[in-house]
Amino acid sequence: MIILGGRTSRARALSATATLVLALAAPACTNAPPKGPPDGAPTMRQMADAVGRDVMVHLQRGYVAGRSPEITFIPNPWNVVVRWSGRTLAEGRRDPRSTHPTPWDYHQRVPLIIYGPGYVRAGIVSNRSVDLTSLAPTFAELLGMRFGDTDGAVLEEGLLPAARRAQRPRLIVLVAYDGGGWNLLAQWPGAWPEQRGLAARGTAYTNATIGSAPAVTAAIHANMGTGVYPRRHGLSENVGRLPDGTVDEIYFNRGDPRLLEAETVADGWDRANGNRPWVGLLGYESWHLGMMGKGAEARDGDRDVGVLWEREQERFWINEDVYDLPGSLPGRDVLDRHLRELDGVDGALDEVWMGRDLTDPSVVPGTSAFVKYQGDALGEILNSEPVGRDELTDFLFVELKPTDFGGHIWNMVAPEEEEVLRAQDQVLGDLIDLLDQRVGADRYVLAVTADHGQTPIPETKGGVRIDPDVVGLRVVEYFRRPIVERTSPSGIFLDMDVVEDAGIDPEDVARYIATLRYRDVLPADADVDLVPSEVADRRVFAAVFPGAFIASLREADLSSFGESAFPEGDLTGPVVGFADLLTG
């Protein structure tokens, strides 16, 4: 998740202005009795029936009591919960920035490909409904390893029978495109020939989802690594409530993995073999570590290899108390060379690419130059580390961030994003060539997937922007208490001491928010007269739930909900068109 308007992993969910207003707005009426929901506010059952069974299942899998927000937003499809300036209305421009923590299909549906001559069937396209928690048990099956009780099941139709798998693979590789869901691939169908070719030579699942909601990076990478959903592995959000009650980053914050509560398949394999296997990850931020594991913090663990990027200082780094940084990585001069090459594609060496400042550290990770730099680092790791060199299976995890980074800052529909996707596809092709040479063409298994899809510019889909800080202000005004501790694109963290002292029911808070219309959530600097009345008067949320309601849902409850009233709420039905994309 990128909290827009600030640093990616340090921004606070309430701006300074909003925090001040929240602090001042409520105390004036603290003696007034608490309000209930407005007349006509939808009930929990009505909202759950509207979004449908599939959505409610994904929400329940992704909710972690005590960590997730006390109030969960489900915006109407194509609406974006993001901080933005109302001045863009007067200026007539469309802010390209977006977020993606929703349960809708365009964020949930992702490609899932497994490949490996001698291990994986070739030429199979499956439309069975699966999700990313199947990766860990599938890897365990290839290893003949007992790996606990996972939520996902083995991808059986993709694997050759055990009797035909004469030996374990020397190496298992998982490549995740951040933000590389089906809707990005459909937007740029000519930009990923290597991924398409890999699908033809292996087994491709065209009806796969990330498995849980909200669609946030930290949670879904942990789904991949552990084979269980956030309700069991504990990483529900990128931001959540810590054990001491404060709200902060809850993924592998600054490379600290202690909040991950389930074992990853790589950690289990490493432990079972006395830490002799090589295990490593090339990623970008701490939230990607959940696909690999906890390193020295794992039970009987050791310092596995980890490579992340420090954006402010523009260097590779890792928490070396827990993981090892490889001794051989490409220097900053290599990135500078790629940036110069990118700078020159338009014939002018002016440090600008497609109007973007190539000297800005907040732009560089969203460029094809950075993709190539990640590819250089990957090659260095494979050449200098003992990866796949013996008969004891190793694990390599690769997380390619630029598709997501670029999608957030200039949107998935921008031509810059096509170039980034094409560059990542080339890195995938180079990786396959290197694996064939270094490990052996029939001695490794490679899986390729993504952690979520992306959001096009909302106005092009009939959507609008919802400022979460303004939602928080409306809540404080309506309930006349400072009950909002923090807001995020996926919900509101309530100050439960104030809520309980005031006798306010969180269900009433959720029902009130569900009645908000676009005019209610515009930033203070927006002119509502510039918005057509039919848009200004439209409700912006499909559903809003208190966490206690989501946590209370049992199988019987979930099965009682019907099909979604929204086409985007179908997360399990066969998909028309994805198989056609694979044949291109």
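How many cavities of 30 Å³ or more does a search of the whole structure find? The search finds 3.

This is a predicted model: local features need pLDDT of at least 70, side-chain atom pairs count only at pLDDT 80 or more, and totals for chains, interfaces and linings use all residues. Residues are numbered from 1 along each chain as its sequence is written, and side-chain values use heavy atoms, leaving out hydrogens and water.

**Stop 1: the largest cavity**

Select Leu 59, Thr 72, Ala 213, Pro 214 and Glu 237. Of the 16 residues lining the largest cavity, these lie nearest its centre. A cavity is a set of points, on a 1 Å grid over the protein atoms alone, where a 1.4 Å probe fits but cannot get out; lining residues have an atom within 4 Å of a point. The volume here is about 100 Å³, counted as the space filled by probe spheres set on the points.

Now show helix H3 (53–62) and strand S1 (71–75). Each supplies at least two residues of this lining. S1 gives the largest share, 3 residues. Helices (H or I, at least four residues) and strands (E, at least two) are DSSP runs, numbered from the N terminus.

The lining divides into 10 nonpolar, 5 polar and 1 charged. Asp, Glu, Lys and Arg count as charged; Ala, Val, Leu, Ile, Met, Phe, Trp, Tyr, Cys and Pro as nonpolar; the others, Gly among them, as polar.

**Stop 2: the second largest cavity**

Its volume is about 50 Å³. Select some of its lining residues, including Pro 75, Asn 79, His 100, His 107 and Pro 489. This lining has 5 nonpolar, 6 polar and no charged residues.

Stay on His 107. It lies in helix H5 (residues 105–108). Is His 107 buried or exposed? His 107 is buried, with a relative accessible area of 1%. Buried means under 20% relative accessible area (1.4 Å probe, protein chains only). Not counting residues up to four places away in sequence, His 107 touches several residues, among them Thr 99, Ile 210, His 452 and Thr 455. Contact means heavy atoms within 4.5 Å.

**Stop 3: helix H16**

Select residues 468–479. H16 has 12 residues and reaches 17 Å from its first C-alpha to its last, close to the expected 16 Å. That expected span is 1.5 Å times one less than the number of residues. Because 11 of its 12 residues are buried, H16 is largely enclosed by the rest of the structure. The buried residues include Asp 469, Arg 474 and Phe 479.

Check both ends. At the start, a side-chain oxygen of Asp 467 reaches to within 2.9 Å of the backbone nitrogen of Asp 469. Just after H16, Arg 480 takes a positive phi of about 60°.

Conventions:
1 Å grid on protein atoms, 1.4 Å probe; cavity = no way out; pocket = protein on both sides within 12 Å on 5 of 7 lines; lining within 4 Å. Buried < 20%, exposed > 50% of the residue type's maximum accessible area, 1.4 Å probe, protein only. Polar contact = N/O pair within 3.5 Å; in protein donor to acceptor, adjacent residues only side chain to side chain.
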